[in-house]
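Trainee: I have a new model on my screen. Can you walk me through reading it?

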Amino acid sequence: MSVQDDLAAVKRRLQDLEHTVEELERRVGAERAAPATPASGRTESLVTIPDAPYDSGLWTDTDDEGLGARDRHAP
């Protein structure tokens, strides 16, 4: 390949890159202008977690993850 061929190939690739960037800018502009809607079609709802402590009865007979049961010792 000659230098002219290399320059012509680089010029074509730069033009392709410019075209791709322009298309991307158009798509981003269109998405910003469109109202945001969830992809699944359903609306998300927030779940409020209370600040009050949980009932300790919820944790009866549970294991501490990675530590084992409370009334047993490791071998």
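This is a predicted model: local features need pLDDT of at least 70, side-chain atom pairs count only at pLDDT 80 or more; totals for chains, interfaces and linings use all residues.

Trainee: How many helices and strands does the protein chain have?

Mentor: One helix and zero strands. The helix, α1, spans 3-33.

Trainee: How many salt bridges does a search of the whole structure find?

Mentor: For a salt bridge, look for a side-chain nitrogen of Lys or Arg within 4 Å of a carboxyl oxygen of Asp or Glu. The search finds two. Arg26 pairs with Glu23, with the closest N and O atoms 2.7 Å apart. Arg27 also pairs with Glu23, at 3.4 Å.

Trainee: Where do Arg26 and Glu23 lie?

Mentor: Both are in helix α1, three residues apart, about one turn of the helix. Arg27 and Glu23 are four residues apart in α1, again about one turn.

Trainee: Does Arg27 count as buried or exposed?

Mentor: Exposed, because its relative accessibility is 53% and the cut-off is over 50%. Arg26, at 47%, is partly exposed. So is Glu23, at 28%.

Trainee: Which residues make the nonpolar surface patch?

Mentor: Val47, Ile49, Tyr54, Leu58 and Trp59 make a patch of about 620 Å². Take Ile49: this residue lies in the segment after α1. Ile49 is exposed, at 60% relative accessible area.

Definitions and conventions
Residues are numbered from 1 along each chain as its sequence is written. Side-chain values use heavy atoms; hydrogens and water are left out. Patches are made of residues with over 30% relative accessible area and no salt bridge: like charges are joined within 9 Å, nonpolar side chains (Val, Leu, Ile, Met, Phe, Trp, Tyr) within 5 Å. Accessible areas come from the Shrake-Rupley method with a 1.4 Å probe; for residues, only the protein chains shown count as cover. Helices (H or I, at least four residues) and strands (E, at least two) are DSSP runs, numbered from the N terminus. Buried means under 20% relative accessible area, exposed over 50%, partly exposed in between (1.4 Å probe, protein chains only).
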